[in-house]
Amino acid sequence: MVNVETELCGIKLRNPTILASGIVGVSGAACMYAAKNGAGAIVPKSIGPVEREGHNNPVLTEFEGGFLNAVGLPNSGVDSSLEEIESAMKNSGVPVFPSIFGGTKEEYGEVAKKISVLNPQMIEVNLSCPNTANDFGTPFALDANEASEVIKIVKENTTAKISAKLGPNVPDIKAIAKAVVEAGADAISAINTMPGMVIDVKTAKPVLHNKQGGISGHALKPIAVNCVYEIYKAVNVPIIGIGGVSTGEDAAEMIMAGATAVGIGTGIYYRGIDVFSKVSYELQKLMDELGYDSIEKMKGAAHK
Amino acid sequence: MEKPVIVEIEKTIDETDGIKTIFIKHSIEAKPGQFVMVWIPGLDEKPFAISYLEKEKFGITVAAVGEFSDNLSKMKEGDKVGLRGPYGTNYCLEGNNIVMVGGGYGAASLVLLAEQALDKNMNIKFILGARDKNKLLYIERIKKLVGEENLIITTDDGSMGAKGFVTDALKELLSKEKVDKVFSCGPDKMMKSVTELCTENNVKGEISMERWMKCGFGLCGHCCVDPIGIRVCKEGPVIDFELANKITELGSYHRVKSSRKESLEVKK
Ligand SMILES: Cc1cc2nc3c(=O)[nH]c(=O)nc-3n(C[C@H](O)[C@H](O)[C@H](O)COP(=O)(O)OP(=O)(O)OC[C@H]3O[C@@H](n4cnc5c(N)ncnc54)[C@H](O)[C@@H]3O)c2cc1C
Ligand SMILES: Cc1cc2nc3c(=O)[nH]c(=O)nc-3n(C[C@H](O)[C@H](O)[C@H](O)COP(=O)(O)O)c2cc1C
Ligand code: FES
């Protein structure tokens, strides 16, 4: 069978599946669990400067085409999260890319600096959480200038590679991608969830405690594939394609659109925690069938 | 669909000191050990074990210990809540001679299991423990089920039954009788001791764990336990001793809402 190894900013992954931030990866042990189930790399839950409880329940609900979540970035704060990240790095056996967020640009820098004592190979900068507007205002990823300023500050505070995580709800994602790459991003993670709402008609109440949430899963896939396709045209850095991937064929779509690796989150619900090994295996079979002998050769095929 | 359905409370009964059972008019297909997520719109949503199960209704038993459980306890006939589930793994009955070890509202899922075990003509011993006699749950229900002679009560202060812990009673039982399987639900430390005791005695069994839950269906990762990372809502809450022995945080710490670790020592 063909080799499904891939390389992200010089970092070798045994397969292109990456645990997406915020799904399962709350602790070092949880990250290890996803790696044991086949993930080629791990992005733990996003970490901020101080402890946050996140929103009350419900934080996740389903609709016909996918899931809607507003967990509200719970985390124990960067200082006490270090031991979790360290345990993830030690025990996962695959690369671990910590994800960071902040309420201000300076906070991003502060968290990046603290995380960097662990020497991660790459840091994912979450510029795009749609569910914390009440605390943090509009996500940085919605504005090219704001996004690039965050990346610059993170860059000043770390020697790790940086992947900028973007959101889909912008008029021109190419412009944002160009701006963050110019500011120093070494890769782009696309995409975060798409704002949405689910209302319970019997009580006339939005189901999520935060009312609004972010759409993930099946419904997000064509949106994500399109974003990856657009970003691939605009910049020349590796892309982690995230959104609705749960089968080998979904992964192939992402890669053909231009992704070097794929993030998987909600797919864990659809296929189980071993979705990573399932997707890798299915991708391998599909590549055999279609005659691609490497991820590199399949990457961007839809552009030709 | 992982979305709450709005259901109506049929009636509530006072079980004991600050503990109530709420019956919900809704038929669910569940097995003993599984839990449901109960939503009070605008407030929060939390997991509760199923304690009564009939064709057209089921019950949960709620100890009022904080804002959510206080509010839920105050609900009355006709009030509405949201419901998701059932979720998680269930107990697995095996052998002829089984022992239930319940502490506090942990007895909830075990009585339901005892009902099933009776249908299979198993011999059941029920060890029920609490801090004092006012916290003992379902005494009459258990007596009716397994017979007074098979109910062993312990209280920390000796106000009813033997003074001491459920594990003291279990130890004595294991030394006297052939036991095929032990089922336990209650405070973390209690289940840790039960697991250790039974492992030493080569008796198999299962415990039902409790950890902070957000989604209840395996996505958020909040209920993952150290060091193996399994999700208590999905690979649990019911786990066998073999797995329990691998969970080093059992009886030692849990994670609070933010995910920060907190020692169980601070909790009474
Ligand atoms: C799988 C599972 C099954 C559960 N089944 C039941 C059940 O059958 N009946 C039931 O009443 N609860 C059950 N719970 C616990 C329940 O989900 C809530 O955690 C509990 O009601 C407390 O919520 P609260 O918001 O009222 O209190 P919180 O505000 O969360 O806590 C208030 C105070 O009470 C303390 N506290 C929290 N939980 C407990 C506890 N269990 N015992 C003693 N002190 C506590 C806290 O440390 C805090 O000091 C279950 C939990 C899980 C994970
Ligand atoms: C429950 C949940 C929590 C999430 N938390 C985070 C987070 O903390 N940081 C982040 O960058 N993205 C977060 N996301 C977004 C995911 O990483 C991912 O971008 C999105 O879910 C789309 O992928 P999927 O369809 O495979 O789930 C979260 C998504 C979900 C469903
Ligand atoms: S509660 Fe979300 S994974 Fe268990």
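In chain B, a polar backbone atom of B:Val65 is 3.1 Å from an oxygen atom of ligand 1. That is a polar contact, a pair of N or O atoms within 3.5 Å; within protein, one must be able to donate a hydrogen and the other to accept it, and residues adjacent in sequence count only if both atoms are side-chain atoms.

This is a predicted model, in which local features need pLDDT of at least 70 and side-chain atom pairs count only at pLDDT 80 or more, while totals for chains, interfaces and linings use all residues. Residues are numbered from 1 along each chain as its sequence is written, chains are lettered from A and ligands numbered from 1 in the order in which they are written, and side-chain values use heavy atoms, with hydrogens and water left out.

Back to ligand 1. A backbone N or O atom of B:Pro47 lies 2.6 Å from one of the ligand's oxygen atoms, and a polar side-chain atom of B:Glu210 lies 3.4 Å from a nitrogen atom of ligand 1. The protein covers 74% of the 910 Å² of accessible area that ligand 1 has on its own (Shrake-Rupley method, 1.4 Å probe; for residues, only the protein chains shown count as cover).

There are 18 residues around ligand 1, where near means that a heavy atom of the residue lies within 4 Å. Which strand gives the most to this shell? Strand 4 of chain B does, with 4 residues (strands are DSSP runs of E, at least two residues, and helices are runs of H or I, at least four, numbered from the N terminus).

Next, ligand 2. Of the 24 residues around ligand 2, those that come nearest include A:Ser21 and A:Lys165. A backbone N or O atom of A:Ser21 lies 2.8 Å from an oxygen atom of ligand 2. For A:Ile191, a polar backbone atom is 2.9 Å from an oxygen atom of ligand 2. How much of ligand 2 does the protein cover? It covers 98% of the 610 Å² of accessible area that ligand 2 has on its own.

Last, the sheet in chain A. Its 8 strands form an open sheet in the order 4-3-16-15-10-9-8-7, with parallel pairing. Strand 4 (41-42) and strand 7 (99-100) of chain A stand at the edges, each with a single partner strand, so one side of each has no neighbour in the sheet. Strands pair if DSSP finds at least two bridges between them; strand 8 (residues 122-126) and strand 9 (residues 161-166) of chain A have 5.
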